[in-house]
Amino acid sequence: MARYGMVIDTKKCVGCADCVVACKTENNVPDGYCRDWIVEDVRGAFPDLHMEIRSERCNHCENAPCVRCCPTGASYTDEDYGVVLVDKDLCTGCKACIASCPYDARYVHPEGYVDKCTFCMHRVREGLDPACVAVCPTKCMYFGDLDDANSEVSKLIRSRPNHALIPEAGTKPKIFYLL
Amino acid sequence: MGNSFSRREFIKISGLSLGGLSLGAGFYNKSSVPQIKEIAKGAGASISGAVKTPTVCEICFWQCAGWVHAKNGEPWKITGNDADPNSNGRLCPRGTGGIGAYLDEDRLRTPLIRKVVDGKQTFVEASWDEAFTVIADKLKKIAEEHGPECVALFTHGSGGSYFKHLLRAYGSNNITAPSYAQCRGPREEAYLLTFGEGVGSPERTDIRDAKCIVLIGSHLGENMHNTQVQEFADAVGQGATVICVDPRFSTAASKAKHWLPIRPGTDLALLLSWIHVIIKEKLYDEEYVAKYTAGFEELKREVAKYTPEWAYPITTIKPHVIVETAREMARHRPSTIVHPGRHVTWYGDDTQRVRAGAIINALLGSWGRRGGFYYPNKASVPKYKYPKYPTPTKSWRDAFPDLYPLANLALANGICDATIPKADKSCAFKGWLVYGTNLLHTLPEPKKTVEAIQNLDLLVAIDLMPAEITGYADVVLPECSYLERYDDLRALPGRVPTIALRAPAFEPKYNSKPGWWIARELGIKMGLEKYFPWKNFEEYLETRLSKVGLTLEEMRKKGVHEFEDRYPLYFEEGMQPEFDTPSGKIELASSLLASYGFDAVPRYTHHEQPPEGYYRLLYGRAPTHTFARTTNNPLLTDLMAENEVWVNKTVARLHGLKNNQSVVLVNQDGERSTKIKVKVTERIRHDSVYMVHGFGHTDKRLKRAYMRGADDTKLISRVKVDPIMGGTGMRVNFVTFESAGVS
Amino acid sequence: MQEITITSGRHMHHIDPHLTIWGWEIPVYLFFGGLVAGILFFSAVYFLRGKEDEMHATVRIAPLFVPLLLSLGLFALFLDLEYKLHVFRFYTAIRLESPMSWGSWTLAIIFPLSFLWALMHAEKVFPNWRYPYAWMENAMTYVKKYAKVIAWLLIYYAAILGIYTGILLSAFNARPIWNTAILGPLFLVSGLSTALAFNMILSKNKEEKHRLGRIDLIAIGIELFLIIHMFMGFLASTQIHVEAVTLFLGGPYTAPFWIFVVGIGLIIPAFIEILDSLHKVKSTLIPAFLVLFGGLMLRFIIVDAGQFSSWVY
């Protein structure tokens, strides 16, 4: 099993939200919902300020609480790519997975099933990057196999300081933000 | 039903439908717009069932080339064209959200004519033929009574070219775009005066290879000018030094090694002080300055007084920071860019302020050098041959005989002023064609704009959306979106000469039509058919393309064509340094300015600071919206539905404001904004407030945008006009807060 | 100071600015679940101890309400499902890691058991009870042979059900307010307490009432102990938990929790029950109703506050 993940360079990201729009059109995300979003994280006081801009989405956690708590097996980890997906035919819309996600990455699709970022598996299976990665004007996003030591993502994680979101929640997130 | 009224009322309804109207179906030759499936032929598709059509984005002026994708006959997405150096295959969020422009159900659907029904002015839905008849009759009358020169065109966007052509054929040269006097006019004039060439769009800044980027209020990343931001991010990623001068901790400021939170209105003091340091410490490129520039001694003499210690109390930037940043700029020369900015109409001395930055670029030798300013290439495609236009006898300039001598383009606000009759003005405008620009949100002093409109015999608005300007129009013509039409070839300056094609991906929705069709049909109605010899736009494009050995079929397959022949980009690569200035050199001291009685070297001018309890109103861009044009786009509104007013934390405490609370802003003249939410933040100085431009729409027909956030334009009730070229400085308004509960 | 802004305008229904995915349905379901667990637990325990007659209401009458109460709870749960047609999917998988999965299987076992249990006691409660068909009569005779086995099963599964109503929430690490192991025992004891209150209301036997009241006092004591323990645990935990618990210590849930749950739901009924047992006041059903009210409020407030608390933003 590969372990696909993402690396996002916060130094380059300008928070334009192109990833958000691209995701919405690529995946036909209904109005009012989104699978990814932009966070501006500002620390300090005027004029000594620091800002980290992050494109956030489902972290496709290795220890995914959404998969664990799903009563029907609708939420599962894809065996080939290590990506967390939802099988809408199994989903009852009980929302346990939504409650379990520390990143608030899931929502109930108006059609009744729970929906979220798929890492654009329909594209990845064809050898393409996820839509957000492919569209990013600043090229600040990288997608690849974290288990492959030669992948761009692995190299970046090794060579540059980075952090993941809320690692203390114990979910082992697979999106890494370069500082 | 009648047609006479003394005053144009702002009509807020979408149009009264009267029975028995033929909605112009017969005018439109459907076969000229192929169905989606036909368009698919030959185009590659990555996902089964998907087809793609080449386009050029129209959401802003950057004009990125891309592909419109449809899946199972339904609009799907828009992506960048990899072959386009102006997008590198990656669009910005607005371009990616362009499908929303097509999908927006609030679009104008059919021509509307202002009529008086039951004593009330209202729009009546009309056929295209009826609308054209009304316009043509009025234009004929104006030409007879006042001369065709008394009709002006305000334009923004690629479809404007057909109406420019139409107006010239009609006999008027009064064509204007708010992008000049309300935006980048001072910049173009400043660079023209200094280097003999403007900066142009897309900017010729070689950010890609820059080592040091100095931004004076330019919030790259928030103004999402695609490839410029791409290059900025690349440069930042490669470790370029960013020096960001901004009263606000912008996105760009967060990428900066040096953020200089300057007191608004004092940028020129900082720039002059930098020049002072660069000359005093001999940090400039001596060889370059000696070889290519004129007026160095005069410059040196003039800036002697602008020491960092002098600038400190004015700008609040500490002297050692000024010195340190000047040295940093010099360390990286010539790959240092003092960015010329884009929207630079701030304080009325804008040409001089931008010139000060241009002078630093000259001193550091970055003009014509890698990492500085390159010499752009432009694809040359011969123009379509038209009969000669009639020669106008008057122009907008006649209204201002002694003013703005160095304005090279018509002033949008000037035409607006000249429309209001005054005893001393010779040409009062009687008719306006307004294409794709919402003047109520674009021109400062909107009350004046409305007053001008009251003096018109004819106002025609051609637009995609029911923007506020359409509510004042006599005739509204619905143009289809850029995804539903052909337009002229895109030929932009850049490192590589290319052309790009926009082809229709979908049939025009409702009863909307492409701009070329509207201009042509109206032209024919006006008896100007000899100026429209082509039958449809495919014929026009084929003719132009054939002159460079291309076909429409080929362009439909690849979208972008790159030309082989090109000039070197930099002096070091063999570009011949030539400067189209009076001295033939880079003019550090401008002889032209001197000859008109202006300062040859920029001189610091003091600007009024806000009185106690008031804050300078700053405005800017969000990456997800273009001006006031996209704030109803369903995809983009989902990302940003309204703007907020940024208020410094201390100021908020002083006024008892809480985060997310709604307030009304009131300016120095008592102008009031619509309700806007407060963003309490550390990211802005205590003497200013900030909001993103383009919100606070008052036209109910824009359902998603109506009354969402506030419109900065309404609060810009005074301007400081640049005496050199007539630009309207708009950052001279001060506002205070009023709790939104009270009205 | 930290300023966090989501600039791409997240405003997802029931997700932003904080979760509201679970409205009244889940607390009602949890309340009925706990109540049913308590009723079955006490009924089975006193049945096994041979106190059917002394504890008539507890052993025989209360279980008659169970199928109805459980149906109401399950109906509330069903109403909460966003994809109701897929409700059968709960029973096409056994997922031991998912409390909701073993909760639904527990219900699948307890529901028929409770039905049989009710039928067994119906005959005693209603002297004229007759089955329409002989095979039913025969079947029940057969089932009654295993009454003790069923009683043991009921004790076992009622405990699981009672704890489950709390574990369901405490398994959600992502919501700091839920993320405490004390929620399981707390909800179990609260469920037992509400069952005792329910039985008190049903009982016409003074002795039984008093006995129930005394046990309830113990239950309330344990609940108070668990609540204090829960807050101590939060305050000694990570920053996230410390911040989350301020929702109850000065934050928006302070008044509802301390007044409705602790005050009206625990302390006041306990006080009245103490006075009652000391024969200082006339015997009354007020504490029983207050306990039921408190139990319901506990679940409403915990379900709501848990969704309000989060790790991010």
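# Reading strands, helices and a chain contact

Q: Which residue of β1(C) stands opposite V39(A)?
A: V39(A) faces I6(C), a residue of β1(C). The model is predicted. The two residues belong to paired strands: β2(A) and β1(C), residues 2-6 of chain C, run in the antiparallel sense and share five bridges.

Q: How many residues does each chain bring to the contact of A and C?
A: Chain A brings 44 residues and chain C brings 42. On the chain A side, four elements each supply at least two residues: β2 (36-45), α2 (65-69), α3 (96-100) and β6 (107-108). β2(A) gives the most, with nine residues. By class, the side of chain A that touches chain C holds 27 nonpolar, ten polar and seven charged residues.

Q: How is the size of an interface often given?
A: It is often given as the accessible area lost when the parts come together. Here the description rests on residues instead: 44 from chain A and 42 from chain C.

Q: In what order do the seven strands of the open sheet in chain B lie?
A: Read across the sheet of chain B: β5-β4-β16-β15-β14-β6-β7. The pairing is mixed. Now look at the edges. β5 (120-125) and β7 (175-176) of chain B have a single partner strand each, so one side of each has no neighbour in the sheet.

Q: In which sense do β6(B) and β7(B) pair, parallel or antiparallel?
A: Parallel, over two bridges; β6(B) covers residues 151-155. Across this pair, L153(B) stands opposite I175(B) of β7(B). Helix α5(B), residues 160-170, packs on the sheet and touches β6, β7 and β14 (431-435) of chain B. The direction of α5(B) makes about 170 degrees with that of β6(B).

Q: At what angle do α6(B) and α14(B) pack?
A: The angle is about 45 degrees, and the axes lie 8 Å apart. α6(B) spans residues 178-195, and α14(B) spans 350-363. That angle makes α6(B) oblique to α14(B). The crossing is right-handed.

Q: Which residues of α6(B) and α14(B) meet?
A: From α6(B), they include P186(B), A190(B), L193(B) and F195(B). From α14(B), they include V354(B), A358(B), I359(B) and A362(B). The residues of this contact divide into nine nonpolar, two polar and four charged.

Q: What pLDDT does chain B average?
A: The average is 92, and 93% of the residues score at least 70. Over residues 19-46 of chain B, though, the pLDDT is below 50. This stretch has 41 contacts in the model beyond near neighbours in sequence.

Technical notes:
Residues are numbered from 1 along each chain as its sequence is written. Chains are lettered from A and ligands numbered from 1 in the order in which they are written. This is a predicted model: local features need pLDDT of at least 70, side-chain atom pairs count only at pLDDT 80 or more; totals for chains, interfaces and linings use all residues. Two strands pair if DSSP finds at least two bridges between them. Two residues are in contact if their C-beta atoms, placed from the backbone, lie within 7 Å. Axes are lines fitted to C-alpha atoms, for helices over the stretch in contact, and angles run from 0 to 180 degrees between N-to-C directions. pLDDT is the predictor's confidence in each residue, from 0 to 100. Ala, Val, Leu, Ile, Met, Phe, Trp, Tyr, Cys and Pro count as nonpolar, Asp, Glu, Lys and Arg as charged, and the others, Gly among them, as polar. Angles under 35 degrees count as roughly parallel, over 145 as roughly antiparallel, 65 to 115 as roughly perpendicular and the rest as oblique. A crossing is left-handed if the near helix is turned anticlockwise from the far one by less than a right angle, and right-handed if clockwise.
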